[in-house]
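This report describes a protein model, beginning with a detail of its side chains and then turning to the whole chain.

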Amino acid sequence: MEIINEYIQIYNIEILVASFLLALLSFLFVVINYIKTKRITKKYKNLMCGMDNKNLEAMLVSHMNTVHEMENKVDLVNRNFSDIYSKLSHCIQKVGIVRYNPFEQIGSDQSFSIAL
């Protein structure tokens, strides 16, 4: 114990300066952490506030409801497309028009026939 007391008496200024530097370094770390925490807290509050003063959960629920509505509309459009596509095979598909002259001596190609 005497040896420790001797070292403290001999190096008391160096120990004091080292303690002061460590305290200053610790204080700087505290200030830096405070600033970073303040920024993160501000970002968190902005995120949780959301748009139009809604919280994040309400926004997500609203968006999920919109997504479900859009899925239902896409299903309806797909069903309508399938119905139209199946009816398309029964529709008129090839059309032909032929002009001709029924009387060779009189007039020109004024008559026509349509093939559906």
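## Aromatic side chains

In this predicted model, Phe-81 and Tyr-85 are both exposed. The two residues belong to helix H3 (residues 56-88), where they sit four residues apart, about one turn of the helix.

The structure contains two aromatic pairs. In one of them, the ring centres of Tyr-7 and Tyr-11 are 6.4 Å apart and the ring planes meet at 15°, so this pair is stacked. Tyr-7 is partly exposed, with a relative accessibility of 49%, and Tyr-11 is also partly exposed, at 42%. Phe-81 and Tyr-85 form a stacked pair as well, because their ring centres lie 6.0 Å apart with planes at 25°, and planes under 30 degrees apart count as stacked.

## Secondary structure

The protein has three helices and two strands. Their order along the sequence is α-α-α-β-β.

## Overall dimensions

The radius of gyration of the protein is 44 Å, whereas a compact globule of 116 residues would have one near 13 Å. The C-alpha trace spans about 140 × 35 × 30 Å along its principal axes.

## Burial, contacts and surface

Of the 116 residues, 1% count as buried. When contacts between residues at least 6 apart in sequence are considered, 3% of them join residues at least 24 apart.

Methods:
Residues are numbered from 1 along each chain as its sequence is written. This is a predicted model: local features need pLDDT of at least 70, side-chain atom pairs count only at pLDDT 80 or more; totals for chains, interfaces and linings use all residues. Side-chain values use heavy atoms; hydrogens and water are left out. The radius of gyration is taken over C-alpha atoms; the globule rule is 2.2 Å times the number of residues to the power 0.38. Buried means under 20% relative accessible area, exposed over 50%, partly exposed in between (1.4 Å probe, protein chains only). Contact means heavy atoms within 4.5 Å. Rings of Phe, Tyr and Trp (its six-membered ring) pair if their centres lie within 6.5 Å; planes under 30 degrees apart count as stacked, over 60 as edge-to-face and the rest as tilted.
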